[in-house]
Amino acid sequence: MNQNPRHRRVIPPLKRSTHYMLVAAVLAILAIPSTLLFLAVQLWWANDEVMSTQPLGAFVHMSAPGGITGRVVIETERGFLPLRHAVVIATGTPLVLELRGSGRRFVCDRPPTFCVETEKTGFTARWEGRHP
């Protein structure tokens with residue numbers, strides 16, 4: 001297995017221009033997913049940003065129609081709101097309605113320990129923020 005150094009094949013080093021092209025190609029390949037990840041995080045962050053809050057008053061009661069959907073309706077001092085799923089809320093807990101950048105609405109307590117997304121249907125003009 002001992003080879004004569006004269007018979008070893010010498011691989012010539014890459015030309016400088018080829019080396020720079022390979023480095024540029026690797027950087028481009030790494031830059032594309034990094035840029036896409038950055039844009040996805042920015043989009044998610046912008047859509048989840050709270051645009052406005054509206055006080056709902058204290059929590060009064062929660063009711064569920066039953067069935068497989070798991071949807072519930074909560075009653076606050078200001079009215080009724082449909083939620084996507086049930087959450088444990090103590091009676092009298094002050095709640096707010098948050099409008100996010102994506103247009104989604106969340107019912108949250110203050111300070112925020114939970115937020116539950118509301119159903120997209122079931123809102124009247126009063127909850128849309130058109131009337132105080």
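The model is predicted, so local features are described where pLDDT is at least 70, side-chain atom pairs count only at pLDDT 80 or more, and totals for chains, interfaces and linings use all residues. Residues are numbered from 1 along each chain as its sequence is written, and side-chain values use heavy atoms, with hydrogens and water left out.

The protein contains 1 helix and 6 strands; here helices (H or I, at least four residues) and strands (E, at least two) are DSSP runs, numbered from the N terminus. Read from the N terminus on, the order of elements is α-β-β-β-β-β-β. Of the 132 residues in the protein, 23% are buried, where buried means under 20% relative accessible area, exposed means over 50%, and partly exposed lies in between (1.4 Å probe, protein chains only). The accessible surface comes to about 10,000 Å², and carbon and sulfur atoms hold 64% of it; such areas come from the Shrake-Rupley method with a 1.4 Å probe, and for residues only the protein chains shown count as cover. Among contacts (heavy atoms within 4.5 Å) with a separation of 6 or more, 48% are between residues 24 or more positions apart.

Next comes the interior. In soluble globular proteins, nonpolar side chains tend to be buried together. A nonpolar core is a set of buried Ala, Val, Leu, Ile, Met, Phe, Trp, Tyr and Cys residues joined through side-chain atoms within 4.5 Å. The largest one in this model has 12 residues, namely L56, F59, V72, I74, L81, L83, I89, L95, L97, V107, F114 and V116. Two or more residues of this core come from each of β1 (50–63), β2 (72–76), β3 (79–83) and β4 (94–100).

I32, L36, F38 and L39 make up a nonpolar surface patch with about 440 Å² of accessible area together. Patches are made of residues with over 30% relative accessible area and no salt bridge, with like charges joined within 9 Å and nonpolar side chains (Val, Leu, Ile, Met, Phe, Trp, Tyr) within 5 Å. One member, L36, belongs to helix α1 (residues 16–48). L36 counts as exposed because its relative accessible area is 55%.

The structure holds 4 salt bridges, each being a side-chain nitrogen of Lys or Arg within 4 Å of a carboxyl oxygen of Asp or Glu. One of them pairs R84 with E117, with the closest N and O atoms 3.7 Å apart. This pair links distant parts of the chain, since R84 sits in the loop between β3 and β4 while E117 sits in strand β6 (residues 115–117), 33 residues apart. R84 is partly exposed at 33% relative accessibility, whereas E117 is buried at 14%.

E117 also forms a salt bridge with R104, where the closest N and O atoms are 3.3 Å apart. R104 lies in the loop between β4 and β5 (105–109) and E117 in strand β6, so this pair ties together parts that are 13 residues apart in sequence. R104 is partly exposed, with a relative accessible area of 34%. Through shared partners, salt bridges join R84, R104 and E117 into one network.

A further salt bridge connects E98 and R100, whose closest N and O atoms are 2.8 Å apart. The side chains of E98 and R100 also make a polar contact of 2.8 Å, that is, a pair of N or O atoms within 3.5 Å; within protein, one must be able to donate a hydrogen and the other to accept it, and residues adjacent in sequence count only if both atoms are side-chain atoms. E98 is placed in strand β4. Both partners are buried, E98 at 5% relative accessibility and R100 at 9%. Leaving aside residues up to four places away in sequence, E98 touches V50, S52, T53, R104, R105, F106, C108, R110 and C115.

Two loop features complete the description. G101, in the loop between β4 and β5, is partly exposed with a relative accessible area of 38%. G101 and E49 are 52 residues apart in sequence, yet their C-alpha atoms are 5.4 Å apart in space. The peptide bond from R110 to P111 is cis, with omega near -10°, and P111 lies in the loop between β5 and β6.
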